Amino acid sequence: MTPPNRRRTVPINVGGVVIGGAAPISVQTMTKTQTEDVSATLAQIERAAAAGADIVRVTCDTPEAGRALREIVRGSPVPIVADVHYDAPRALEALEAGVACLRLNPGNITDSAKVADIAREAKARDVPMRIGVNAGSIPGRKGLERGRGGSVEETAELMVEAALGHIRILEELDFHQIKVSLKASDVATNLAANRRFAALGNRYPLHLGLTEAGPVDTGSIKSAMGIGILLSEGIGDTIRVSLVGEPEEEVRVARQILANLEDRPPGPNLVACPTCGRLEIDMFPMVKRVEEAMRGIHRTLTVSVMGCVVNGPGEGMHADIGIAGGKHKGALFKSGRVVASLPESELIDTLIAELRAVAAEDAELLAAGKPLPVGLSDGVEAPPRPLTPLAVV
């Protein structure tokens with residue numbers, strides 16, 4: 001998603017993923033395991049990567065976590081960001097482990113000499129730093145009190161001031177590979193802080209997200225508003241959706257936010273009718289099965305599942321593949337044309353088989369390092385069955 005008015009930033013490189021400049025908006029998540037449990041942490045990273053994560057952040061808060069990072073970095077399919085807050089030795093251990101980025105607020109480390117050591121080592125290794133301020137933890141007693149009780153604009157101002165303070169520390173150490181995050185748990189403060197920072201005219205990339213957004217259902221809505229509005233205004237270079245859920249759930253929501261800002265959403269896109277009294281097929285289990293089958297698809301593909309003959313055929317014609325149900329029967333559409341008329345008992349199984357074929361083809365292409373097609377390719381054939389007249393739908 002690249003809006004024409006996108007804020008101009010100086011790109012940084014996070015382990016091969018470019019953030020800022022004209023690079024695509026990247027998706028991040030964070031592991032929820034104890035970092036010391038290497039196998040569990042890598043399993044979460046692999047699931048997140050399969051869901052579409054570009055970068056994964058991992059906590060590094062103990063010496064054991066620092067040692068575990070070495071193996072995690074070696075085994076991860078995506079770049080790893082080490083999450084460090086107050087402990088300078090952990091940052092150095094993370095850099096030695098080969099992480100692609102540090103999440104570190106230099107103002108949280110009281111020993112300036114240790115901050116200088118971290119900046120020097122990160123610069124030598126060409127490793128960027130992400131600095132960030134959350135509305136609920138603005139540094140300084142006075143700021144914290146105002147942040148909790150002040151207005152949205154006052155809190156946003158304090159957040160930006162705190163971020164600029166962290167930036168100045170690194171700039172004075174001649175370190176400029178920086179990305180910035182300003183997060184709140186409410187949409188209004190999140191918008192105000194990021195807009196205020198963007199208006200300053202500096203060129204540091206912005207990492208967007210709502211902190212502590214909540215459970216998957218309500219948190220997804222808040223995140224879509226707090227992130228999507230900013231992206232539509234050209235603000236933001238990388239995003240993380242923070243949910244009480246598995247990392248792959250965060251990634252799916254983030255990808256959906258990006259997809260809905262595109263003219264042609266990247267990745268699979270499901271169009272399904274909301275159901276009403278005209279419904280003539282059992283939609284609810286059908287949609288659930290289709291969602292599950294689509295998780296293995298990586299190409300740009302629109303799938304339609306419609307439950308009646310009013311809007312179904314039109315939506316099916318606009319989808320790459322889909323079904324439209326009628327009374328005990330339905331039609332299978334591919335690339336804008338009807339390819340089969342099927343009894344209800346076969347309708348969803350046929351669509352699932354088609355989607356699994358697409359997913360298998362995507363897996364083969366990715367394994368071979370080949371580009372994915374847009375829509376259906378010639379390798380996915382219509383079912384070898386005689387067609388009955390569409391009039392039966």
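In strand E13, Gly-322 is the bridge partner of Ser-304, a residue on one of the two covered faces of strand E12. The structure is a predicted model, in which local features need pLDDT of at least 70, side-chain atom pairs count only at pLDDT 80 or more, and totals for chains, interfaces and linings use all residues. Residues are numbered from 1 along each chain as its sequence is written, and side-chain values use heavy atoms, with hydrogens and water left out. Eight strands of the model close into a barrel, five strands form an open sheet, and the largest pocket has a volume of about 1,200 Å³.

**The open sheet**

- The open sheet has the strand order E11-E12-E13-E14-E15, and its pairing is mixed; strands (E, at least two residues) and helices (H or I, at least four) are DSSP runs numbered from the N terminus.
- Strands E11 and E15 (337-343) are the edges of this sheet, each pairing on one side only.
- From one strand to the next, the twist averages 20°; axes are lines fitted to C-alpha atoms, for helices over the stretch in contact, and angles run from 0 to 180 degrees between N-to-C directions.
- E11 pairs with E12 in the parallel sense over five bridges, where pairing requires that DSSP finds at least two bridges between two strands.
- Within that pair, Val-271 has Ser-304 of E12 as its bridge partner.
- E12 also runs parallel to strand E13 (residues 321-325), to which four bridges join it.
- Strand E12 (residues 301-306) is largely enclosed by the rest of the structure, because six of its six residues are buried; buried means under 20% relative accessible area, exposed over 50% and partly exposed in between (1.4 Å probe, protein chains only).
- Leu-301, Val-303 and Val-305 lie on one side of E12, Thr-302, Ser-304 and Met-306 lie on the other, and all are buried.
- In a regular strand the side chains alternate between the two faces of the sheet.

**The barrel**

- Strand E3 (residues 26-30) is paired in parallel with E4 over three bridges, and Gln-28 has Ile-55 in E4 as its bridge partner.
- Strand E4 (residues 55-59) in turn pairs in the parallel sense with E5 over four bridges, with Ala-82 in E5 as the bridge partner of Val-58.
- A right-handed β-α-β unit is made by E4, helix H2 (residues 63-75) and E5; right-handed means that, with the strands pointing away from the viewer, the path from the first strand over the helix to the second runs clockwise.
- E5 and strand E6 (residues 101-103) run parallel and are joined by three bridges, and Ala-82 stands opposite Leu-102 in E6.
- The β-α-β crossover from E5 to E6 passes through helix H3 (residues 88-97) and is right-handed.
- Strand E5 (residues 80-83) is covered on both faces, with Ile-80 and Ala-82 buried on one side and Val-81 and Asp-83 buried on the other.

**Asp-61**

- Asp-61 is located in the loop between E4 and H2.
- Asp-61 has a relative accessible area of 52% and is therefore exposed.
- Asp-61 and Asp-83 are 22 residues apart along the chain, and their C-alpha atoms are separated by 7.7 Å.

**The pockets**

- On a 1 Å grid over the protein atoms alone, a cavity is a set of points where a 1.4 Å probe fits but cannot get out, and a pocket is an open set with protein on both sides within 12 Å along at least five of seven lines; lining residues have an atom within 4 Å of a point.
- Grid points are joined across faces, edges and corners, and a volume is the space filled by probe spheres set on the points.
- The lining of the largest pocket comprises 35 residues, with Ala-51, Arg-252, Arg-255, Gln-256 and Pro-268 nearest the centre.
- At least two lining residues of this pocket come from each of strand E2 (17-19), helix H1 (38-51), helix H9 (247-259), strand E11 (268-272) and helix H10 (283-294).
- H9 supplies the largest share of that lining, seven residues.
- The second largest pocket holds about 310 Å³ of space.
- Its lining has 18 residues, and Arg-57, Asn-134, Thr-211, Glu-212 and Arg-240 are the closest to its centre.
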